[in-house]
Amino acid sequence: MAEITAKMVADLRAATGLGMMECKKALVEAEGDLAKAEEILRIKSGNKASKMAGRVAAEGIIGSCIEGGVGALVEVNCETDFVAKDPTFLALAAAAAKAVVAANPADVEALSAVEVDGVSVEEIRKAAIAKLGENMTIRRFVRYSTEGTIATYLHGAKIGVIVDLNGDEALGRDVAMHIAASKPICVSKDQVPAETLEQERKIYTAQAAESGKPADIVAKMVEGRVNKFLAEVTLVGQPFVKNPDVTVEKLLAEKSAKVNAFAMLVVGEGIEKAVVDYAAEVAAAAKL
């Protein structure tokens, strides 16, 4: 039997929002497997638990640039929120985004070598580090080139959305704002990853089976929940954030528009940052 630690219980509680005893029982049943324990809790409670990998920890901003039919978002990280607001750091993010648009680099390493106004992105980064005294990294970027319209939306520079659509820029910005608020995973249901759909179907089947109803009713219950899930996670299936009486699909139809693709970057998403226990540090120092 695997040892169930307090940290494991706390991590599962943070991921699911459920009670400590429920989390401990699930971990015991899963023999310490966190992912399996989360699945057990979802089956038993119907909770739409999110993965811990979605926690935002690191500091930084999302830089953006649009030139003609090309647009880009770039995530640039630093150590503190104070530096994230500094003009020198902001200039680094702007230069990186401009370089992505202009040169279409294959990856972050290639981006570092791209020159902006005669200076490479890597040189700009190193100069910013020397001036501000913090480590800075360019973590990732996304670039779209289209014959349609590129629109972006930045929410406090911490969330960035870019949309490639056939439609006007104002509509594109509204759709990008909706994506930042509602967080769909793809445009339409045919784009939902097969493994994601299979996992949800597995959970819904287990939940429905516990109802004790006949097999044909259980099958209908599962299909109903799968369809509800698809509406919740796809852009066109969601109620439009500015007018929940219409779906995004209906909004686009009314404007004779179409979303071809979108991407969203959240600063620090998936990065774990060490938590400093200052009280413990002070207590330890007092014993010296």
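**Loops, helix contacts and confidence in a predicted model**

Ala157 is placed in the loop that runs between strand S6 and strand S7 (159-166). In this predicted model, the phi angle of Ala157 is near 65°, which is a positive value in a residue other than glycine. With a relative accessibility of 23%, Ala157 counts as partly exposed. A positive phi also occurs at Ser256, where the angle is about 50° although the residue is not a glycine. Ser256 belongs to the loop between helix H11 (248-254) and strand S10 (258-266), and Ser256 counts as exposed because its relative accessibility is 70%, where the cut-off for exposed is over 50%.

Within strand S6 itself (residues 149-155) lies Ala151, which is buried, its relative accessible area being 1%. When neighbours within four places in sequence are left aside, the contacts of Ala151 are with Ile66, Val161, Ile162, Val163, Leu165, Glu169, Gly172 and Arg173. A further pairing can be described by distance: Ala151 and Asp168 are 17 residues apart along the chain, and 8.8 Å separates their C-alpha atoms.

The protein chain as a whole contains 12 helices and 10 strands, and 40% of its 288 residues count as buried. Of the contacts in the chain between residues at least 6 apart in sequence, 62% join residues that are at least 24 apart.

Two helix pairs illustrate the packing. Helix H5 (residues 87-103) packs with H7 at an angle of about 170°, and the axes of the two helices are 10 Å apart. Because angles over 145 degrees count as roughly antiparallel, H5 is roughly antiparallel to H7. On the H5 side the contact is made by Thr88, Phe89, Leu92, Ala95, Ala96 and Ala99, which meet Val121, Ile124, Arg125, Ala128, Lys131 and Leu132 in H7. By class, this contact of H5 with H7 comprises nine nonpolar residues, one polar residue and two charged residues. Ile124, which lies in helix H7 (residues 121-132), touches Leu92, Ala95, Val116 and Val119 when residues up to four places away in sequence are not counted. Ile124 and Leu92 are 32 residues apart in sequence, while their C-alpha atoms are 6.4 Å apart in space.

The second pair is formed by helix H9 (residues 194-209) and helix H10 (residues 215-233), which pack at an angle of about 140° with their axes 9 Å apart. That angle makes H9 oblique to H10, and the crossing of the two helices is right-handed. From H9, the residues Thr196, Leu197, Glu200, Arg201, Tyr204, Thr205, Gln207, Ala208 and Ala209 meet Val218, Met221, Val222, Glu223, Arg225, Val226, Phe229 and Leu230 of H10. The residues of the contact between H9 and H10 divide into 10 nonpolar, three polar and four charged.

Confidence in the prediction was also considered. The mean pLDDT of the protein chain is 86, and 89% of its residues reach a value of 70 or more. Over residues 47-57, however, pLDDT stays under 50, and for this stretch the model has 36 contacts beyond four places in sequence. Where pLDDT is low, predicted coordinates should not be read in detail.

Technical notes
Residues are numbered from 1 along each chain as its sequence is written. This is a predicted model: local features need pLDDT of at least 70, side-chain atom pairs count only at pLDDT 80 or more; totals for chains, interfaces and linings use all residues. Side-chain values use heavy atoms; hydrogens and water are left out. Axes are lines fitted to C-alpha atoms, for helices over the stretch in contact, and angles run from 0 to 180 degrees between N-to-C directions. Helices (H or I, at least four residues) and strands (E, at least two) are DSSP runs, numbered from the N terminus. Angles under 35 degrees count as roughly parallel, over 145 as roughly antiparallel, 65 to 115 as roughly perpendicular and the rest as oblique. A crossing is left-handed if the near helix is turned anticlockwise from the far one by less than a right angle, and right-handed if clockwise. Contact means heavy atoms within 4.5 Å. Ala, Val, Leu, Ile, Met, Phe, Trp, Tyr, Cys and Pro count as nonpolar, Asp, Glu, Lys and Arg as charged, and the others, Gly among them, as polar. pLDDT is the predictor's confidence in each residue, from 0 to 100. Buried means under 20% relative accessible area, exposed over 50%, partly exposed in between (1.4 Å probe, protein chains only).
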